[in-house]
Amino acid sequence: MESSRSALSPAAIRLAFALVLFVGTTSLVAAPRNVRLGFSDSDATNHMTVLWNTDNAGEPSVVQLGKGSSYPLEFQGIEFPSKGVVGIVHEVVLTDLDADEEYHYRVGGEGGWSPDYTFRTLPADPCAPVRLVFLGDGRSDGDEGSSPRWPPILDEALEGKPHIVLHSGDIVHDGDVASQWRHHLDSTDPAQASTPIMYTLGNHDDDKVEGDDAIYNQVFAQPRNSVTNTEDYWYL
């Protein structure tokens with residue numbers, strides 16, 4: 001009696017085995033999420049700090065940078081775990097930038113790059129005009145994190161193309177809850193990838209811990225002050 005199976009050639013068997021080995025040994029790099037800008041130094045004219053999140057540790061912490069459609073410059077950064085659904089935070093400091101220039105950049109690594117984003121550095125001339133937007137108390141009254149009014153208000157504010165957005169605090173309802181910070185980061189995309197948003201610490205944003213272990217300090221880049229060496233209080 002003839003078998004109902006179709007026979008595979010030796011070449012086909014070798015190819016199938018090679019594909020199984022390739023898939024089994026190749027890890028995919030997830031696309032970065034919540035790409036955002038800040039300043040980790042008080043001189044905001046010649047650097048920019050870029051942060052983003054991933055769900056897995058060990059993914060690349062790389063920013064590629066240029067003034068046009070190519071990225072001739074590459075910067076390496078660090079990663080560290082935050083709490084719960086906030087995930088892994090990647091932080092890269094871009095240095096020796098030209099003042100008052102537009103830069104293109106992307107973050108991540110091979111197999112998992114972000115889209116192309118742009119930002120503009122601040123002017124070096126202290127008398128040059130700087131456009132600021134001042135917002136605050138964008139928290140939800142419930143347990144979501146940010147108010148549903150936060151995204152449309154931020155979008156409207158950004159129509160004036162400010163250099164910086166300053167946030168006066170009360171970013172989330174309960175600063176000890178990781179899901180609320182994740183909600184805020186999600187609801188601030190993609191604006192935070194092109195305009196630095198600098199936050200101050202409101203009473204609702206407090207964690208059960210202080211300093212670098214608090215979620216507020218982990219998800220944003222602020223200059224460290226010279227008294228406590230923390231990002232709780234800062235200036236530009």
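Is Phe119 buried or exposed, judged by its relative accessibility?

A: Phe119 is buried, at 2% relative accessibility. The model is a predicted one, and the value is computed from it. The ring partner of Phe119 is Tyr103: the two form a stacked aromatic pair, with 5.7 Å from centre to centre and 25° between the planes. An angle under 30 degrees counts as stacked. Because Tyr103 lies in strand β7 (residues 102-108) and Phe119 in strand β8 (residues 117-120), the pair ties together parts that are 16 residues apart in sequence. Tyr103 is buried as well, with a relative accessible area of 4%.

The structure holds 6 aromatic pairs.

Another of the pairs joins Trp181 and Phe220. This pair is edge-to-face, with 5.9 Å centre to centre and 70° between the planes; the cut-off for edge-to-face is over 60 degrees. Trp181 lies in helix α3 (residues 178-188) and Phe220 in the segment after α4 (215-219), so the pair ties together parts that are 39 residues apart in sequence. Trp181 is buried, with a relative accessible area of 0%, and Phe220 also counts as buried, at 4% relative accessibility.

A contact of another kind involves a charged side chain. Arg106 lies over the face of Trp113, at 4.1 Å from the ring centre.

Terms used: Residues are numbered from 1 along each chain as its sequence is written. This is a predicted model: local features need pLDDT of at least 70, side-chain atom pairs count only at pLDDT 80 or more; totals for chains, interfaces and linings use all residues. Side-chain values use heavy atoms; hydrogens and water are left out. Rings of Phe, Tyr and Trp (its six-membered ring) pair if their centres lie within 6.5 Å; planes under 30 degrees apart count as stacked, over 60 as edge-to-face and the rest as tilted. Helices (H or I, at least four residues) and strands (E, at least two) are DSSP runs, numbered from the N terminus. Buried means under 20% relative accessible area, exposed over 50%, partly exposed in between (1.4 Å probe, protein chains only). A charge sits over a ring if NZ of Lys or CZ of Arg is within 6 Å of the ring centre and within 35 degrees of the ring normal.
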